[in-house]
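Please keep the sequence and the model in view while reading.

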Amino acid sequence: MKFMNKSRLIFLCSLIMFLCSCGVRNVSQTINISSFGNINMIKEIDGQVYVLNATTSSVHILKDGKLELFIDLRVKGRDFLQDFDMEDDTLYYSNTYDEIFISKGSVIEDTLKVKNPDRIAVLENDVFVTSRKAENGFYYLKKIDPETNMILKTIRLNDEPLHGLMQEDYGLFRFKDSLAVYNPVRNRIEKYDRDLELRYTVGFKDDLEYGNFYISDDLIRVLCVKDDNISVLKIQSDGRRSMSDTGIQSENIDIGSSCVTDSSAYLYDFIDGKIIVCDLK
């Protein structure tokens, strides 16, 4: 009987150690950004991961576990850059002053006047932006011609006007020649073509909080909060769904600024000032 109790005790200790290790075994590295200031977006572009430092108006590239300065935009003293995207060697930045900066280096070459821009994506010289806050109760996705600064098309992202101080965080992801929007009001991902015609939707459950996402030909990955932990929802092309727990508590993580790719999640811990990189299986 004593032998059985001892065996069970050894088994339980081993099981606990294994379960505890599972919570952190996906963390491959931690990057200290405590001296950076405010990070507004982490984004993968053409296989490289970039970080937007809104405090210093700079973009950094992640290489060999370290952040290297990529572009230091010559706008100082204001924390206002919201998001960025890149096409070839041209960078586009949305800001809170109803502008989109365009640069091919540290110098701003052009500025588009666009009301209330938030998330930004660029497809073959067309610029797409979501609304940062509601305009008369509605959020929009806008298509803009950067040559003329004309709005070519605008669509609503909510069916009924929103009232009060509610502010929604719409995610935006470009995939090949299309766009995908995480729509928190409709609680789904919506895929649009370049003319902003809706092509398909993928719905989510209402009991979770969702953040940035990734799309490929075969799957969708979405950052979410489940049981106070950061998890990754995986949706395969045949409709099968699975959930992976990173073991990282959610209270310090901004899933709207964090990034998920085909192989990793880059989680922005805004309290401790670090990026936690988790490998995904």
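Buried residues, meaning those under 20% relative accessible area with a 1.4 Å probe and protein chains only, make up 52% of the 281 residues in the protein chain. This is a predicted model, in which local features need pLDDT of at least 70 and side-chain atom pairs count only at pLDDT 80 or more, while totals for chains, interfaces and linings use all residues. Residues are numbered from 1 along each chain as its sequence is written, and side-chain values use heavy atoms, with hydrogens and water left out.

The chain has one helix and 24 strands, where helices (H or I, at least four residues) and strands (E, at least two) are DSSP runs numbered from the N terminus. Among contacts (heavy atoms within 4.5 Å) with a separation of 6 or more, 40% are between residues 24 or more positions apart.

One part to follow in detail is an open sheet of four strands in the order β6-β7-β8-β9, with antiparallel pairing; two strands pair if DSSP finds at least two bridges between them. The edge strands, each pairing on one side only, are β6 (81–87) and β9 (108–113). Six bridges connect β6 with β7 (residues 90–95), and Leu81 has Asn95 as its bridge partner in β7. Between β7 and β8 there are five bridges, with Tyr93 opposite Phe101 in β8, and in the hairpin of these strands, which has three residues between them, Asp98 takes a positive phi near 60°. Five bridges also join β8 to β9, where the bridge partner of Phe101 is Thr111; this hairpin has four residues between its strands.

How is strand β8 (residues 99–103) covered? Five of its five residues are buried, with Glu99, Phe101 and Ser103 on one side and Ile100 and Ile102 on the other.

The nonpolar cores are sets of buried Ala, Val, Leu, Ile, Met, Phe, Trp, Tyr and Cys residues joined through side-chain atoms within 4.5 Å. The largest has 31 residues, and Phe204 and Leu267 have the most contacts inside it. Several elements give two or more residues to this core, including β14 (171–175), β20 (229–236) and β24 (274–279), while β19 gives the most, with six residues. A second, separate core of 16 residues includes Tyr50, Leu52, Val75 and Tyr93.

The whole structure holds 17 salt bridges, each a side-chain nitrogen of Lys or Arg within 4 Å of a carboxyl oxygen of Asp or Glu. One of them joins the side chains of Glu99 and Lys113 at 3.7 Å, N to O; because Glu99 lies in β8 and Lys113 in β9, the pair ties together parts that are 14 residues apart in sequence. Glu99 is buried, with a relative accessible area of 18%, whereas Lys113 is exposed (over 50%), with 52%.

Another salt bridge links Lys143 and Asp195, whose closest N and O atoms are 3.5 Å apart. Since Lys143 lies in strand β12 (residues 140–145) and Asp195 in the loop between β16 (188–192) and β17 (198–203), this pair ties together parts that are 52 residues apart in sequence.
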